[in-house]
Amino acid sequence: MPSAFDEMTVAPGVCRPGYEGVQKWLADTPREVLELRRAEAELLFRRTGITFAVYGEADAEERIIPFDMIPRILTKTEWDRLALGLSQRVRAINAFLADLYGKAEILKAGIIPAELIHRNPSFRPEMVGFKVPHDIRVMIAGIDIVRTDDEHFYVLEDNVRTPSGVSYMLENREVMMRLLPDLFAESRVAPVENYADDLLATLKSVAPASAPSDPTIALLTPGPFNSAYYEHSFLADRLGVELVEGRDLLVNDDAVYMRTTRGPQRIDVLYRRIDDDFLDPLTFRPDSALGVPGLIAAARAGKITLANAVGTGIADDKAVYTYIPDVIRFYLGEEPILKNVPTWRCREPDSLAYVLDHLHELVVKEVAGSGGYGMLIGPAASSATRAEFAAKLRAKPDDFIAQPTLALSTVPTFVDSGIAPRHVDLRPFVLSGADKVRVVPGGLTRVALRAGSLVVNSSQGGGTKDTWVVNG
Amino acid sequence: MLSRTADNLFWFARYVERADNIARILEAANRLSAMPITYSGATNEWESAVAATGNLAGFRATGAEANSDTVLNFLAFSPTNPSSIKSCIETARFNARAVRTALTAVMWESINGAWLDLRRVDGRNMRRSGIDDFLGRVKEASLRLDGAAYRTMLRSEAYYFFVLGVMLERADNTARILDVKYHLLLPENAEVGGGLDYFQWTSILRTVSAQTAYHWVYRQSVKPWLVADLLVLKQEMPRSLAACYEAIRETLDLLGREYGRQGPAQRMARTMRTKLANANIGDVFQSGLHEFLTEFLVENARLGEAIAAQYLS
């Protein structure tokens with residue numbers, strides 16, 4: 001897509017605000033030096049990132065996600081507006097979840113069809129009617145954002161279960177600062193290193209009222225065989241909290257303890273990186289060996305805060321996503337600052353008719369699907385495939401949504417042939433505490449390294465970039 | 001600290017120490033087997049090497065005859081022997097990885113580097129020089145790890161559990177090396193100290209890198225009871241049972257102080273330390289070195305269980 005909006009270059013030699021320093025650096029630095037820096041980056045990353053690799057024994061090499069040295073830049077003005085929109089969206093999602101697991105007024109008001117919620121496997125009827133401390137359920141959110149032009153940012157997806165990737169944001173910055181100190185000195189990039197402090201403050205603020213003033217926090221991991229284990233241990237280390245597995249915990253009289261060398265120690269807040277289904281074999285999957293029997297009862301008794309709470313997945317479901325702008329209006333009485341990608345709900349007859357007429361230009365997604373399964377990319381599909389898909393749509397319209405194919409923005413990226421534009425997205429991390437919402441300036445920029453590709457997933461040849469917020 | 005973390009640190013240290021000891025035992029066996037029978041004695045050096053690691057039953061279950069090939073493979077490379085050097089390094093690294101954040105960066109690099117290095121070694125059809133090189137690298141890895149821990153770890157509970165693992169394993173291994181050699185060397189009615197077993201006793205000293213120390217302390221030729229004295233009772237000898245137990249007692253006391261509570265482990269360690277301090281080697285030989293060492297191994301294992309019950313579970 002040659003017409004895609006490039007975030008750096010407006011015309012040959014002319015760049016957008018914020019990119020001046022980087023453009024000068026790229027222009028002034030001889031090709032060989034750039035190559036040298038690039039090799040150095042690779043080396044630094046391998047050394048820092050060696051821990052990514054060693055966990056994956058045989059396929060060790062594949063576990064290092066490619067890192068691109070050219071930063072992705074947002075001006076403070078752009079960022080401030082983004083941050084406002086992110087904070088608004090997550091506040092609304094928290095109000096939405098409190099309502100869904102409480103009085104369910106949004107369903108009574110007919111804003112969202114009740115069966116869309118109640119028949120959804122991400123909805124947890126077990127949690128209905130139970131208050132959580134401070135009424136906050138999503139403490140940590142990762143919101144995926146794409147950009148199409150100078151003005152427009154869209155939310156592609158909300159991740160409000162156990163979003164990951166923040167360790168890359170932090171390590172990318174560390175590597176860049178060691179690699180290009182001069183560029184940093186003149187660019188005045190807003191720091192991200194306070195993320196761990198912000199996360200700790202957020203987690204402390206949501207401790208149960210009965211907890212001591214300095215509550216005990218722990219991070220629950222599925223263990224060393226989980227692909228995100230590195231991030232779990234990295235975060236526990238930065239937070240200065242214990243990294244626990246299910247077998248380290250025990251529940252007694254609805255209170256949760258970890259087994260320590262000094263005897264059982266009470267935990268007040270558990271930052272859990274295990275999915276709902278595996279948290280507690282007494283409540284959810286009885287075959288799960290990862291969780292802690294009795295954990296959900298403890299949470300319901302209000303003796304421990306789970307971050308994020310159980311059942312938040314209903315808010316980032318693909319079908320529910322389409323209603324988030326209405327959710328914002330309903331709970332906050334405000335217009336959404338960040339737009340959704342325009343989406344047709346095939347369950348609605350008018351939308352279905354439109355989608356069937358325009359299959360050749362739309363992306364159709366199965367609501368329950370993920371990772372690209374059950375998806376039709378209209379422009380790339382043959383007419384036979386499209387006809388086949390149309391039949392599926394007519395049979396089960398409720399199962400599908402459709403979106404236009406977006407022209408994602410690009411950022412210059414090192415590739416084999418030199419420097420070329422590649423498509424990017426952005427995952428900023430939003431922290432919601434009892435006191436306030438915190439967003440560190442930046443996030444994880446993922447880049448599709450193959451020319452023309454819009455797929456930024458690391459499993460499909462995606463890489464990452466450092467994300468800068470600069471004055472300008 | 002999580003009990004699991006303490007447990008991982010303790011076993012991490014034990015397995016590295018065990019790998020180091022096996023490497024030493026194999027080096028000594030290698031050396032003895034290169035001597036003419038008249039110097040080394042008629043005993044099967046390779047079988048005694050397996051016995052010194054405490055795993056004779058495991059080896060016999062393989063059905064193989066004890067010779068340089070089978071024993072080297074069993075003790076150094078066998079993936080089915082959980083106490084082979086390769087298995088020890090594997091287990092040590094697994095424990096280290098689980099407590100990555102409780103280790104200093106240097107310690108992690110040292111064990112991870114050793115693991116990456118040693119896992120590539122293919123033990124099949126290896127030449128003698130290759131074996132020597134492999135064993136040398138194992139010893140270096142454990143030295144590096146000891147040094148890294150000593151230099152970089154905060155003197156706090158994590159370090160204490162690491163030290164406890166090293167010392168308990170080292171005491172166990174020293175006792176075994178001494179016991180097995182003593183036993184195999186002493187056929188019924190044979191006079192200890194005859195010319196024949198000189199090289200055998202020297203090999204014990206060599207195994208624990210103590211030849212020079214022996215000569216500095218005793219200033220005479222190698223005598224069985226003095227070797228035993230050095231390895232059991234000499235406080236100055238860093239791997240004697242007495243020295244190990246002084247370190248264990250001290251470390252457990254530091255832990256007790258940090259936690260503000262004493263327990264069965266502290267009491268047991270103190271009792272054993274006192275017993276070793278009050279013993280003299282003449283009495284030990286009188287009532288039987290083998291009996292003494294057997295009892296020691298049982299009590300050492302019992303202390304390990306007490307530490308596990310008190311802190312690690």
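Trainee: In which helix of chain B is B:Leu178 found?

Mentor: B:Leu178 is found in helix H9 of chain B, which covers residues 157–185; helices (H or I, at least four residues) and strands (E, at least two) are DSSP runs, numbered from the N terminus. This is a predicted model, in which local features need pLDDT of at least 70 and side-chain atom pairs count only at pLDDT 80 or more, while totals for chains, interfaces and linings use all residues. Residues are numbered from 1 along each chain as its sequence is written, chains are lettered from A and ligands numbered from 1 in the order in which they are written, and side-chain values use heavy atoms, with hydrogens and water left out.

Trainee: Why is B:Leu178 called buried?

Mentor: Its relative accessible area is 1%, and buried means under 20%, exposed over 50% and partly exposed in between, with a 1.4 Å probe and protein chains only; B:Leu178 is therefore buried.

Trainee: Which residues beyond its sequence neighbours are in contact with B:Leu178?

Mentor: Leaving aside neighbours within four places in sequence, its contacts (heavy atoms within 4.5 Å) include B:Trp201, B:Leu289 and B:Val232. The C-alpha atoms of B:Leu178 and B:Val232 are 9.0 Å apart, although 54 residues separate the two in sequence.

Trainee: What does the secondary structure of chain A come to, and why is the chain called as compact as a globular protein of its length?

Mentor: Chain A has 16 helices and 23 strands. Its radius of gyration, 23 Å, is close to the 23 Å that the globule rule gives for 472 residues, so chain A is as compact as a globular protein of that length; the radius is taken over C-alpha atoms, and the rule is 2.2 Å times the number of residues to the power 0.38. Of those 472 residues, 57% count as buried.
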